[in-house]
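Me: I am new to this structure and would like to learn how to read it. Could we go through it feature by feature?

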Amino acid sequence: MSNPRAGKVAERIHQIIARRLEKGLRDPRLGFVTITDVRVTGDLQHASIFYTVFGDDSSQADTAAALKAATGMLRSEVGKQLGTRLTPSLEFIHDELPDTAQHMNELLAEAKRRDEEAAALAQGASYAGEADPYEKPRDADEGESAGFDEDAFFAAADDDDEDDER
């Protein structure tokens with residue numbers, strides 16, 4: 001929200017809706033609801049209200065139906081207490097953030113378990129070949145004739161360059 005007024009209106013709507021839900025609605029379908037966030041458009045015409053519900057899928061569906069049925073009454077209450085010229089339309093959206101966070105925690109726990117398994121396997125492991133598989137430069141006394149003769153290579157390359165220039 002780049003508009004500071006929209007932020008203030010969103011905060012006020014959050015307080016009004018939360019207070020009203022705390023008092024209770026006369027709808028028995030309404031479960032244990034928590035308002036997590038409110039976002040208002042820059043022109044203050046629309047408010048998206050994010051909520052979570054404690055319970056299973058059926059209580060979430062019942063709560064969604066109860067909030068949809070009570071939207072008109074809640075909008076009129078927001079209009080009375082907000083004191084703006086226009087009352088924003090309200091839209092209730094189930095907040096998926098807690099479910100996503102729970103899924104991420106499960107994935108992190110699985111990754112940690114797999115890391116521990118890999119560390120346990122690596123503890124008793126040994127190298128398949130040498131401990132250091134990289135080739136090291138040879139000393140001159142180790143039989144230079146079998147190795148790569150760097151001086152001869154560059155001398156031949158210089159001769160080829162001189163032939164190209166002629």
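This is a predicted model: local features need pLDDT of at least 70, side-chain atom pairs count only at pLDDT 80 or more; totals for chains, interfaces and linings use all residues.

Me: Which elements does the chain have, and in what order do they run from the N terminus?
Reply: There are five helices and three strands. Read from the N terminus, the order is α-β-β-α-α-β-α-α.

Me: In which sense do strand 1 and strand 2 pair?
Reply: Strands count as paired when at least two bridges link them. Here strand 1 (residues 32-40) and strand 2 (residues 46-54) have eight bridges and pair in the antiparallel sense. One of the bridge pairs joins R39 to S48 in strand 2. Five residues lie between the strands of this hairpin, and L44 has a positive phi near 60°.

Me: Where does R75 lie, and which residues does R75 touch beyond four places away in sequence?
Reply: R75 is part of helix 3, residues 71-82. Leaving out residues up to four places away, R75 touches T87, P88, S89 and L90. T87 is 12 residues from R75 along the chain, and their C-alpha atoms are 7.3 Å apart.

Me: What share of the contacts with a separation of 6 or more comes from residues 24 or more positions apart?
Reply: Such residues account for 58% of those contacts in the chain.

Note on methods:
Residues are numbered from 1 along each chain as its sequence is written. Side-chain values use heavy atoms; hydrogens and water are left out. Helices (H or I, at least four residues) and strands (E, at least two) are DSSP runs, numbered from the N terminus. Contact means heavy atoms within 4.5 Å.
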